[in-house]
Amino acid sequence: MRLLDDAREVLDEVLPGLDKRLAEAPLMSWEQPGGPGLTVFREAGGPALLVPEVHGGRGTDLLTATRVQRAIGFRSPSLAVATTMHHFSAASLVEVVARSTGMEWMLLSAIARDNLLVASGFAEGRAGQGILTPTMTATERDGVVVLNGTKKPCSLAHSMDLMTASVTLPGTDGSPQLAVAVVPATTPGVSVRPFWNTPALAGAESDEVVFTDVEVPQDLVVRTELVDGDRLDHLQTVGFVWFELLMSASYLGAATALVDRLLAAPRADVGVQAQVASTVRAATLLLEGTAATAMGPINDERLADALVCRYAVQDAITRVLDLAVEGLGGLSFISSGDIAYLAGACRALAFHPPGRHRMAPALRDYFTGGPLRVP
Ligand SMILES: Cc1cc2nc3c(=O)[nH]c(=O)nc-3n(C[C@H](O)[C@H](O)[C@H](O)COP(=O)(O)OP(=O)(O)OC[C@H]3O[C@@H](n4cnc5c(N)ncnc54)[C@H](O)[C@@H]3O)c2cc1C
């Protein structure tokens, strides 16, 4: 399919055989809870994708990674969303290692060497709670940090080997400081409970991870820099840019699966076929241009661009869903669950942080000359 040619070529280059494996089974077999997608991803060496070559990984850059996620999203939206959470953790660790003289690089080496999957827990399942204000408690005791609380939804909950979780710790001046703890999944006190109650994206394993008196060594807790109010520090800014662009790519790939069906439909209106294909191509060009620019220094401007790109891709997907579902017609909708599934799954891009409405005042302030805040 021409809309995906370059993305598939790149996927074959960096994770040979993965696209072929994913193409061998129908869509819904990858989308079930406990489906085989994450096993196949591991077998293809996927966890090492962003780990720098010097630490044993593929060292894939942001633009290439968006192509990989688009190609995977076409075959399995759940796998693309779940692996975006892994890559978000990995990209953040790469940034930590680049700025630290500590031993964090050993984590990256272990991810590549042992094919480890890293979940990312920021949300706590409470409406209106910003992901940068965790309430999960972290206390220091006898040289370890003790975690209590819950992360939900947390993709990769059942397959993760490690998890990065946001916590608040008392800073040097006593005020709460955001920190990120790296927790092995087998640590005593870590458990998983069912949380995800919809078939959409159920293969991403976004259940609840519960921490009960979980002890984490101090050197596995990375404190973020102190910054004023809602402003992000550099590590968070880099993490958000990767997250927004890889998530957008994953859902754009999923929407392309619907477009593929429309382009193959003999009775579909040719005007609608051309329009949806062009809309996907335009969103791809925007995504790739934004990713290419963000391969230089990352700052507030690059994050604002990534957010603008994500909301524009979200709008493009909504338009594509609307036209493609109608253009495919009622019999296509009835004869297989794939169309209703893809239409529902693709809408979930809107639910990833920061939501458009939550972000609106901050973007308005940014575009009128203020600093970029993420509430
Ligand atoms: C497929 C999927 C996988 C996920 N995986 C993970 C994961 O692995 N790890 C993780 O940490 N999280 C994950 N999440 C959760 C995600 O990070 C969000 O935290 C969660 O979806 C937020 O839920 P919400 O939209 O109900 O929350 P809310 O932010 O409470 O939003 C509810 C509604 O209120 C509006 N709203 C909220 N605040 C404001 C405001 N200040 N001003 C105006 N309007 C506002 C929002 O726009 C929205 O319409 C996942 C989500 C999905 C969909």
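This is a predicted model: local features need pLDDT of at least 70, side-chain atom pairs count only at pLDDT 80 or more; totals for chains, interfaces and linings use all residues.
**Exercise 1. Find which residues Ser-166 touches, leaving out residues up to four places away in sequence.**

Step 1. Contact means heavy atoms within 4.5 Å. With that cut-off, Ser-166 touches Gly-121, Phe-122, Glu-124, Ile-131, Pro-134, Met-136, Lys-151, Leu-178 and Ala-179.

Step 2. Ser-166 sits in strand S4, which covers residues 162-170. Helices (H or I, at least four residues) and strands (E, at least two) are DSSP runs, numbered from the N terminus.

Step 3. Relative accessible area sorts residues into buried (under 20%), exposed (over 50%) and partly exposed (in between), with a 1.4 Å probe and protein chains only. Ser-166 has a value of 0%, so the residue is buried.

Residues are numbered from 1 along each chain as its sequence is written, and side-chain values use heavy atoms, with hydrogens and water left out.

**Exercise 2. Decide whether Pro-170 is buried, partly exposed or exposed, and list its contacts.**

Step 1. Pro-170 belongs to strand S4.

Step 2. The relative accessibility of Pro-170 is 44%, so the residue counts as partly exposed.

Step 3. Setting aside neighbours within four places in sequence, Pro-170 is in contact with Ala-138, Ser-175 and Arg-223.

**Exercise 3. Locate Thr-187 and Thr-133 and assign each to an accessibility class.**

Step 1. Thr-187 is in the loop between strand S5 (176-184) and strand S6 (190-193). Its relative accessible area is 13%, so Thr-187 is buried. Beyond four places in sequence, Thr-187 touches Val-214 and Glu-215.

Step 2. Thr-133 is in the loop between strand S1 (118-121) and strand S2 (137-141). Its relative accessible area is 45%, so Thr-133 is partly exposed. From Thr-133 to Gly-46, 87 residues away along the chain, the C-alpha separation is 31 Å.

**Exercise 4. Work out why the buried residues of helix H1 line one face.**

Step 1. Helix H1 spans residues 5-14, and its buried residues are Ala-7, Arg-8, Val-10, Leu-11 and Val-14.

Step 2. Looking down the axis of H1, these buried residues fall within an arc of 160°, so they line one face of the helix. The arc is that of the directions from the helix axis to the C-beta atoms.

Step 3. The face turned away from the buried side carries the exposed residues Glu-9 and Glu-13.

Step 4. The packing partners of the buried residues of H1 are helix H2 (18-23) and helix H5 (62-75).

**Exercise 5. Identify backbone features: cis peptide bonds and positive phi at residues that are not glycine.**

Step 1. The peptide bond from Lys-152 to Pro-153 is cis, and its omega is near -10°. Pro-153 lies in strand S3 (residues 144-154).

Step 2. Pro-353 and Pro-354 are also joined by a cis peptide bond, with omega about -10°. Pro-354 is in the loop between helix H12 (338-346) and helix H13 (356-367).

Step 3. Asn-115, not a glycine, has a positive phi of about 55°. Asn-115 lies in the loop between helix H7 (105-114) and S1, and its relative accessibility of 22% makes it partly exposed.

Step 4. Glu-205, not a glycine, has a positive phi of about 55°. Glu-205 is in the loop between S6 and strand S7 (207-217), and is buried at 9% relative accessible area.

**Exercise 6. Compare the radius of gyration with that of a compact globule, then describe the whole chain.**

Step 1. The globule rule is 2.2 Å times the number of residues to the power 0.38, and the radius of gyration is taken over C-alpha atoms. For 375 residues a compact globule would have a value near 21 Å; the protein has 20 Å, which agrees.

Step 2. The C-alpha trace spans about 70 × 45 × 40 Å along its principal axes.

Step 3. The protein has 13 helices and 8 strands, and buried residues make up 55% of its 375 residues.

Step 4. Of the contacts with a separation of 6 or more, 75% are between residues 24 or more positions apart.
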